[in-house]
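Hello,

Here is the structure we talked about handing over. Please look it over first; my notes follow below.

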Amino acid sequence: METTSKIRQCIKIATQGFIGREQLAELIILAAIAKEHLLVIGPPGTAKSAVVRRMAKTLNGQYFEYLLGRFTEPSELFGTVDLKKLREGTVETDTAGMLPEAEIVFLDEVFLGSTAILNTLLGILNERQFKRGHTQITCPLKICIGASNSLPDDDGLSAFADRFLLHLFVDSVADNFIEDLLAGGWQAEYAAIDTSLSLDELSTLSDQVKKVNLDKIFSPFADAIRLLRQNGIVLSDRRVVKTLKLIAAAALVNGRFVADKQDLWPLYYVIPTMDMQQQGQEILKDIFMISNNSQLFNAAESATQQPNARLERLIELAKGCLNNEDIHIESVLREIDANYAVNTIPEPLKQLRAQLINLIAQNA
């Protein structure tokens with residue numbers, strides 16, 4: 001499918017210069033195709049908002065962003081009351097340029113919103129409907145990305161967090177990547193944004209999600225849910241059923257209309273807390289063994305920590321070295337050799353490894 005071939009380019013453009021944030025960009029794509037929402041948890045200054053903004057520009061979607069606070073008024077997100085119509089006795093909201101008319105929404109510090117804001121958001125997130133006074137409109141929302149420093153302890157807010165099907169936990173760049181962070185940050189400051197993949201094209205994929213055959217995954221998926229429950233990780237029935245959309249979307253992005261066991265990896269991100277995700281990763285390691293995705297390989301690899309999921313990322317890195325992209329050849333070779341023995345390395349990667357060794361010899 002032509003659209004799936006553009007996904008890698010879109011992700012590379014949006015994350016250029018941002019170290020370790022491909023996972024976030026890939027999950028935005030997956031969530032948008034499945035028409036679900038993503039919650040990103042992590043400390044300030046970890047490029048959450050920057051990557052979301054660049055993804056919105058790359059997809060060329062109608063974008064709305066807001067930093068919520070304790071005193072944020074509903075009108076700041078949804079629009080003000082139309083005074084002219086109010087004088088005529090009709091309470092209508094002017095939503096022009098506001099959240100109800102956006103296709104991609106980013107809400108920073110999302111749990112600081114008032115009860116009035118969160119209740120209105122629930123209608124938009126769940127049903128794509130905005131209702132206020134006499135105003136009732138169907139929202140074009142494809143995905144809402146919420147961000148916070150931590151998950152809330154309050155039961156009411158936890159219930160709201162549950163409306164975000166995917167949960168991603170991010171942290172600051174590791175110490176051994178600080179040099180890459182500095183070089184990448186400088187590069188990101190001046191990187192151009194091209195619209196390589198349109199939101200309309202993603203919408204076409206969204207329409208095809210319902211056509212994906214899930215017969216092969218019902219049994220292993222049910223086994224995975226039972227394993228989680230046996231170990232104290234209980235997902236609501238709603239989250240379990242909605243995960244099927246993510247699995248179907250993962251298969252579709254991988255160019256298939258039949259989902260199989262390698263597409264079960266999105267289940268990891270449906271698990272709501274970081275501790276539970278780490279525990280679930282170990283519990284499901286046998287089920288995740290063959291997980292892979294040719295377009296969303298960073299997200300698949302991070303979820304499963306399996307060599308199959310790592311393969312596509314190493315292939316892309318190796319090709320980047322051969323195309324004179326700013327990638328350290330030696331570090332790529334070290335990672336290839338750390339993950340594969342000489343007799344187990346897949347043939348495409350084996351050929352690229354040989355070309356990298358020749359390139360080093362030529363430059364010596």
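**What I found**

Gly280 sits in helix 13, which covers residues 274-283. Keep in mind that this is a predicted model. Gly280 counts as buried because its relative accessibility is 1%, and the cut-off for buried is under 20%. Leaving aside neighbours within four places in sequence, Gly280 is in contact with Leu228, Ile233 and Ile271. Tyr268 is 12 residues away from Gly280 along the chain, and their C-alpha atoms are separated by 7.0 Å.

**Overall picture**

The protein has 17 helices and nine strands. Its radius of gyration is 22 Å. For 364 residues, a compact globule would come out near 21 Å, so the value agrees with that picture. The C-alpha trace spans about 80 × 50 × 40 Å along the principal axes.

Of the 364 residues, 48% are buried. Take the contacts between residues at least 6 apart in sequence: 74% of them join residues at least 24 apart. On charges, there are 36 positive and 46 negative ones. Their mean positions are 5 Å apart.

**Cores**

In soluble globular proteins, nonpolar side chains tend to be buried together. Here the largest nonpolar core has 72 residues. Which of them touch the most other members? Ile29 and Trp265 do. Setting aside neighbours within four places in sequence, Ile29 is in contact with Ile7, Cys10, Ile11, Met55, Leu59, Leu197, Leu202 and Leu296. There is also a second, separate core of 26 residues. Its members include Leu39, Ile41, Leu68 and Phe78.

- Glu109 has a phi of about 50° and is not a glycine. Glu109 lies in the loop between strand 5 (104-108) and helix 6 (115-127). With a relative accessible area of 18%, Glu109 is buried, because the cut-off is under 20%.
- Gln305 has a positive phi near 55°, again in a residue other than glycine. Gln305 is in the loop between helix 14 (297-304) and helix 15 (307-322). Its relative accessibility is 45%, so Gln305 counts as partly exposed.

**Two more sites**

His134 is in the loop between strand 6 (129-132) and strand 7 (135-138). Is His134 buried or exposed? At 51% relative accessibility His134 counts as exposed, because the cut-off is over 50%. His134 and Thr90 are 44 residues apart in sequence. In space they are 6.7 Å apart, C-alpha to C-alpha.

Ser219 belongs to helix 10, residues 218-230. Its relative accessibility is 49%, so Ser219 counts as partly exposed. Lys261 is 42 residues from Ser219 along the chain, and the two C-alpha atoms are separated by 9.6 Å.

Best wishes

Terms used
Residues numbered from 1 in each chain as written. Predicted model: local features only at pLDDT ≥ 70, side-chain atom pairs only at ≥ 80, totals over all residues. Heavy atoms only, no water. Helix = DSSP H or I, 4+ residues; strand = E, 2+ residues; numbered from the N terminus. Rg over C-alpha atoms; globule rule 2.2 N^0.38 Å. Buried < 20%, exposed > 50% of the residue type's maximum accessible area, 1.4 Å probe, protein only. Contact = heavy atoms within 4.5 Å. Lys, Arg positive; Asp, Glu negative; His and termini not counted. Charge placed at Lys NZ, Arg CZ, Asp CG, Glu CD. Core = buried A, V, L, I, M, F, W, Y, C linked by side-chain atoms within 4.5 Å.
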